Amino acid sequence: MDFQVVVLAGGTSKKLVPLVSKEVPKALLPVANRPVLSYVLELLELSNLKDLIVVVEGQDAALRVGGWISGAYVDRLHVEVLKKKNYCLNLL
């Protein structure tokens, strides 16, 4: 049986400035000299889960994450990067 995995990768965050920016979204923050998302993707690959959807908030972040994934995991994983629109939700 084949599974498709959804990974929620976030976008940018005002709370994490100066660590994140338009150039470095949260999913690509380096942890031990590797983007944090690489740990998740490698565990999924080792588990033979190779059909993935990565959801990223914002166009810029989606382009950067998608570009990094296509370079780092070419021919290893089938990854579709989906952009979630930036919505502001006010709860009263």
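Arginine 76 is partly exposed, with a relative accessible area of 36%; here buried means under 20% relative accessible area, exposed over 50% and partly exposed in between, for a 1.4 Å probe and protein chains only. The model is a predicted one, in which local features need pLDDT of at least 70 and side-chain atom pairs count only at pLDDT 80 or more, while totals for chains, interfaces and linings use all residues. Residues are numbered from 1 along each chain as its sequence is written, and side-chain values use heavy atoms, with hydrogens and water left out.

The side chain of arginine 76 meets that of glutamate 45 in a salt bridge, at 2.7 Å from N to O. A salt bridge is a side-chain nitrogen of Lys or Arg within 4 Å of a carboxyl oxygen of Asp or Glu. Glutamate 45 lies in helix 1 (residues 36–46) and arginine 76 in the loop between helix 2 (59–72) and strand 5 (78–84), so the pair ties together parts that are 31 residues apart in sequence. Helices (H or I, at least four residues) and strands (E, at least two) are DSSP runs, numbered from the N terminus. Glutamate 45 is buried, at 18% relative accessible area.

The count of salt bridges comes to three. Another of them joins glutamate 57 and lysine 84, at 3.9 Å from N to O. Glutamate 57 belongs to strand 4 and lysine 84 to strand 5, so this pair ties together parts that are 27 residues apart in sequence. Glutamate 57 is partly exposed at 28% relative accessibility, and lysine 84 is partly exposed at 37%.

Glutamate 42 and arginine 34 also meet in a salt bridge, at 3.2 Å from N to O. Glutamate 42 counts as partly exposed, with 30% relative accessibility, and arginine 34 counts as partly exposed, with 28%. Arginine 34 has a second contact: it lies over the face of tyrosine 39, at 3.9 Å from the ring centre. A charge sits over a ring if NZ of Lys or CZ of Arg is within 6 Å of the ring centre and within 35 degrees of the ring normal.

Next, the aromatic rings. A search of the whole structure finds one aromatic pair. Tryptophan 68 and tyrosine 73 form this pair, which is edge-to-face, with 5.6 Å centre to centre and 75 degrees between the planes. Rings of Phe, Tyr and Trp (its six-membered ring) pair if their centres lie within 6.5 Å; planes under 30 degrees apart count as stacked, over 60 as edge-to-face and the rest as tilted. Tryptophan 68 is partly exposed at 22% relative accessible area, whereas tyrosine 73 is buried at 3%.

Helix 2 has 14 residues and reaches 20 Å from its first C-alpha to its last, close to the 20 Å expected at 1.5 Å a residue; the expected span is 1.5 Å times one less than the number of residues. In this helix Ala61, Ala62, Val65, Gly66 and Ile69 are buried. Seen down the axis of helix 2, its buried residues fall within an arc of 125 degrees, so they line one face of the helix. The arc is that of the directions from the helix axis to the C-beta atoms. The face turned away from the buried side carries the exposed residues Leu63 and Gly71.

In a regular strand the side chains alternate between the two faces of the sheet. Strand 1 (residues 5–10) has Val5, Val7 and Ala9 on its covered face and Val6, Leu8 and Gly10 on its uncovered one.
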